[in-house]
Amino acid sequence: YVALTDLSGATASSLTLGAELNKRRVEAFITACVESLGISEPTSYAHFLKVVGDAGLFLFSSFTDLYQWWEATQSRMQFYSYEWNRTLDPDKRSAFQLRSKTVFHVGELLYSEGNDPVSAAVNQVFKIEKLFAAGELGCTDIAKAVASPFLPDLKLTPEKRDEIILPGMESATGTWLIAKSEIAQFDVA
């Protein structure tokens, strides 16, 4: 699974927070995401690939590990938001709030000479990110099909979303909302 988690509200927040505090917000987000790999204790292969602007790209060999990491990330973002809010002016707290949308897809992954991941799957996962909102975990038809044996045990009931033509594909593929975080719906005071 190729997973992309993108910090929500980055453009609007950068206007309110200013350059330095916005930089700290992005750093706190990436730290929370990477830190969550250890907290979620993956049982299979899980790897942080790279930072892409205000997003993180990850690789998982197990959907259960991906899901547990996503849940841990939601919790860590709430914790980091709370910690930052203790030192921020009240008028900046809402703008700093860490929320993300996370999407995943399946496909082969290659690395360039500079160890950058380059493949259709990476390009395709970036295309579906725009179809989801803060606190949501979404995926493509193929990713849902591969993850489907684990969904009942995790008590997940996917909801059909939009169809999209992904780069390199001739026909549209469906997208699915796999889970929605209740944590992401609340501001941390």
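**A tour of charged pairs and one serine**

Start by selecting Glu20, which is partly exposed at 45% relative accessibility (buried means under 20% relative accessible area, exposed over 50%, partly exposed in between, with a 1.4 Å probe and protein chains only). You are looking at a predicted model, in which local features need pLDDT of at least 70, side-chain atom pairs count only at pLDDT 80 or more, and totals for chains, interfaces and linings use all residues. Residues are numbered from 1 along each chain as its sequence is written, and side-chain values use heavy atoms, with hydrogens and water left out.

**Stop 1: helix α2**

Where do Arg24 and Glu20 sit relative to each other in helix α2? They are four residues apart in this helix, which covers residues 19-39, so about one helical turn separates them (helices are DSSP runs of H or I with at least four residues, strands are runs of E with at least two, and numbering starts from the N terminus). Arg24 is partly exposed, at 39% relative accessibility.

**Stop 2**

Next, select Arg86 and Glu83, whose salt bridge has its closest N and O atoms 3.8 Å apart. Arg86 is exposed, with 56% relative accessible area, while Glu83 is partly exposed at 28%.

Then move to Lys130 and Glu129, another salt bridge, at 3.6 Å between the closest N and O atoms. Is each of these residues buried or exposed? Lys130 is exposed, at 62% relative accessible area, whereas Glu129 is buried, at 8%.

**Stop 3: Ser181**

Finish by selecting Ser181, in the segment that follows strand β9 (173-180). Ser181 counts as buried, with 7% relative accessibility. Which residues touch Ser181, once its neighbours within four places in sequence are left aside? Show Trp70, Gln74 and Gly135, which are in contact with Ser181 (contact means heavy atoms within 4.5 Å).

Zoom in on Gln74: its side chain makes a polar contact with the side chain of Ser181, at 3.4 Å. A polar contact is a pair of N or O atoms within 3.5 Å; within protein, one must be able to donate a hydrogen and the other to accept it, and residues adjacent in sequence count only if both atoms are side-chain atoms.

Methods:
Salt bridge = Lys/Arg side-chain N within 4 Å of Asp/Glu carboxyl O.
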